[in-house]
Amino acid sequence: MAAYDVIIIGGGPAGLAAGLYAGRAKLKTLLLEQMLAGGQAATTDLIENYPGAPEGTTGSKLTERMEEQAKKFGVEFLMAQVTDVDLHGREKIVITSEGRYQGKTVIIATGATHRKLGCPGEEEFTGRGVSYCATCDGAFYEDLPVAVVGGGDSAITEALFLTKFASRVYVVHRRDALRATKVVQDKAFAEPKIEFVWNSVVEEIKGGEMVEALRLRNVKTGALQDLPVKGVFIYVGLVPNTGFLKGQVQLDERGYIPVTANMETNVPGVFAAGDVTVKLLRQVVTAVGDGATAAVAAEKYIEENF
Amino acid sequence: MSEFISELTRDTYEEEVKRSELPVVVDFWGPRCAPCLALLPEVEKLAQEYSGRVKFCKVNCSQNRRLAVELKVMALPTFLFYKGGEVVAQLSGPDATKENIKAKLEELVR
């Protein structure tokens, strides 16, 4: 079984920053990513709130460069899905689709995934009108009406991106005000292609072979209406990717990992960083800070315990 | 250009996919789709591994959007799995992981 000083689970900004710091500390480091280095940020169109890029940058460019930087300092990358872990021994065991690995420390940076709506039609039409990635699929909706569900930063940023293609972008939100950052809101309110559908939730996604309409319910009046759209992009919040950690690391009632200021979990030698932790602000700028701290804390732990 | 994966267009789809003797997998990708780009090297490896048993094709959707839409592909990445010219399975968006693709390939050759 291959042995490492640090095994980082997850290759988003938190994991990539942890890799960079661990690599520079000359720790033997493995980074496991199941899909795409860069995580959620990699599929974000425009990132305007990362310091040092006043003109804005795309998520894929920013995270590609983070990956390059971590690789430059010797981090090993592996595309693999973690199926099980045993974190309680002195050496931590990580079991993946590509084999078993042993680490003196583990940094959990698995982030979070877009929450599904859970309404009828969502599963059925995934890939045929239902999408969770506007930068992947937006171009299919050239001159077609689409809806974005949600009112946070992700929802509104991606709605703005979709106006490049779609004939009309409906933003369906269950409240009567947005949660997104003010400058993002201002852009959306000024965009003539965007139309807001307030106080509304999706009851059902309807269609034949492809999506044809959303059945909406107004939460104030109970009134139902069908909104004809060809695509629906779902950005209704996040669920932490911690299913594989049950019984291993303490999680809060929503599944996030509580950590100390030094990114320690309740298990010695196991750290967590980024969106997967209990925190106020889940952004690239906070994730990279967490990752750096976790790597330095891991280095210190190894010095003291091995 | 890969020796294990053929690039499809609307003109070659019928011949390459529908009339193939071997089972076929088609990878729909696009240059703006970051998850698609991350998967491409992995798909290349799988194409080598299954060489002679499954035919691998890919469609660049930014150049062949009409073909994708005709096949009801509206999300990237999407993988369509064919046996005897008919679609027998599909993986799209977040479901299109390396592990899921492998599992479908095993079903295809079983």
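Reply: Chain A and chain B bury about 2,200 Å² between them, 64% of it on carbon and sulfur atoms, where buried area is the accessible area (1.4 Å probe) that two parts lose on being put together, summed over both. In chain A, the residues that lose the most area to chain B are Met35(A), Met79(A) and Phe140(A), together 31% of what that side buries. This is a predicted model, in which local features need pLDDT of at least 70 and side-chain atom pairs count only at pLDDT 80 or more, while totals for chains, interfaces and linings use all residues. Residues are numbered from 1 along each chain as its sequence is written, chains are lettered from A in the order in which they are written, and side-chain values use heavy atoms, with hydrogens and water left out.

The contact, meaning heavy atoms within 4.5 Å, takes 26 residues from chain A and 26 residues from chain B. Between the two chains there are 4 salt bridges, each a side-chain nitrogen of Lys or Arg within 4 Å of a carboxyl oxygen of Asp or Glu. In a salt bridge of this kind, the side chains of Lys102(B) and Glu98(A) meet at 3.5 Å, N to O. The largest share of the side of chain A that touches chain B, 3 residues, comes from helix α4 (residues 134-137) of chain A, a helix being a DSSP run (H or I, at least four residues) numbered from the N terminus.

How values were computed
Helix = DSSP H or I, 4+ residues; strand = E, 2+ residues; numbered from the N terminus.
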